[in-house]
Amino acid sequence: MRFTFVTLFSNLVEGYFQDSILKRAIDKELLSVEYLNPREFSENKHSKVDDTAVGGGAGMVMNPQPLYDALGSLKKDDENIHIIFLTPVAKPFKQNDAKRLAKKEHIAFVSGRYEGIDERVIEEFADEVFSIGDYILTGGELASLVICDAVSRNIDGVLGNSESLSVESFETPLLEAPSFSKPKDYKNNMVPSEYIKGNHSKIRSIKLALSECKTKFFRPEQLLKHKITKR
Ligand code: ADE
C-alpha cells in the first residue's frame with residue numbers, strides 16, 4: 001500500500017512512521033509513505049496558499065489553485081489513486097471503512113488547515129470525505145494519521161502474530177472484554193479467578209458477560225445492535 005499525505009506540514013506526520021508497527025511495515029515494504037506540499041504548486045509570487053473567505057466569515061480558507069495542481073499531478077501519475085479529504089463536515093470513519101480501504105493500492109490523504117478547503121477542490125477530487133469524530137482539530141493531519149493507522153493494521157502482514165486482529169472491539173457490536181497481564185496478583189488486585197483456572201469455555205462465557213457489561217456502560221446503543229444481531 002502506498003500512502004501520500006497532501007499537507008502543508010509534513011513534519012507533523014513523519015514522526016509517526018519512525019517507530020513501532022508502521023515502521024516495521026515500511027521496512028518490510030508492505031507500506032510506503034510519501035508527502036506532497038501544496039505550497040510547492042502555488043502560483044502566487046509569495047507561495048501563498050490561503051485567503052479570506054468569499055462572502056465573509058472568520059479565518060482563512062485554502063485556495064483552490066495549489067490543491068488543484070497538486071492533486072492533478074497525483075492523478076496524472078496514478079489514475080487509480082483513492083483521494084480522501086479530512087474534515088469535520090463528513091461521514092464518521094468506522095472500522096468497516098478501515099477494512100475496506102486496506103484493499104486499495106494507493107491512498108492520498110488531503111489535510112486542510114485554517115478554516116478549511118475551498119469546496120470546489122473537494123467536489124472535483126474527493127473519492128471520500130471523512131471525519132474522525134465530533135470535535136474540531138486544528139487541521140486534518142492527525143485525522144489522516146488516525147485513518148492511515150487503522151487501515152494499515154488491516155493490511156496482510158502488518159501485524160505480527162502477537163498483535164492479532166481476530167476478536168476486537170468493532171469487529172462485532174460488542175466492545176472487547178478486559179485483558180490482564182502477569183502477575184496474577186498485583187498490589188492485592190487479582191485477575192478474575194475464571195481467567196486463571198484455564199477452562200476455556202468458561203473463560204469464553206465470562207469474557208462475553210464482561211464484554212456485554214462494558215458495552216452497556218460505555219456504548220449502550222451498541223449493546224442494542226448486539227441483541228438484535230443475536231436474535
Ligand atoms: N479536521 C478538523 N477536525 C477534524 C475532524 N474531527 N475529523 C477530520 N478532519 C478534521
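I take strands to be DSSP runs of at least two residues, numbered from the N terminus. The model I examined is predicted.

**Entry 1: the ligand shell**

Around the ligand I listed L86, T87, P88, F130, S131, I132, G133, Y135, I136, L137, G139 and A143. I then sorted this shell by class: eight residues are nonpolar, four are polar and none is charged.

**Entry 2: polar contacts and burial**

I next checked the nitrogen atoms of the ligand against the protein backbone. A polar backbone atom of Y135 lies 2.8 Å from a ligand nitrogen atom. For I132, I noted a distance of 3.0 Å between a polar backbone atom and a nitrogen atom of the ligand. For T87, the corresponding distance from a polar backbone atom to a ligand nitrogen is 3.2 Å. I recorded that the ligand exposes 270 Å² when taken alone, and that the protein buries 96% of that area.

**Entry 3: helix 8 and helix 9**

I turned to helix 8 (residues 200-218) and helix 9 (residues 220-230), whose axes come within 5 Å and cross at roughly 135 degrees. I therefore describe helix 8 as oblique to helix 9. From helix 8, I found E212, T215, K216, F217 and F218 meeting P220, Q222, L223, H226 and K230 of helix 9. By class, the residues of this contact divide into four nonpolar, three polar and three charged.

Terms used. Residues are numbered from 1 along each chain as its sequence is written. This is a predicted model: local features need pLDDT of at least 70, side-chain atom pairs count only at pLDDT 80 or more; totals for chains, interfaces and linings use all residues. Side-chain values use heavy atoms; hydrogens and water are left out. A residue is near a molecule or strand if one of its heavy atoms lies within 4 Å of it. A polar contact is a pair of N or O atoms within 3.5 Å; within protein, one must be able to donate a hydrogen and the other to accept it, and residues adjacent in sequence count only if both atoms are side-chain atoms. Accessible areas come from the Shrake-Rupley method with a 1.4 Å probe; for residues, only the protein chains shown count as cover. Ala, Val, Leu, Ile, Met, Phe, Trp, Tyr, Cys and Pro count as nonpolar, Asp, Glu, Lys and Arg as charged, and the others, Gly among them, as polar. Axes are lines fitted to C-alpha atoms, for helices over the stretch in contact, and angles run from 0 to 180 degrees between N-to-C directions. Helices (H or I, at least four residues) and strands (E, at least two) are DSSP runs, numbered from the N terminus. Angles under 35 degrees count as roughly parallel, over 145 as roughly antiparallel, 65 to 115 as roughly perpendicular and the rest as oblique. Contact means heavy atoms within 4.5 Å.
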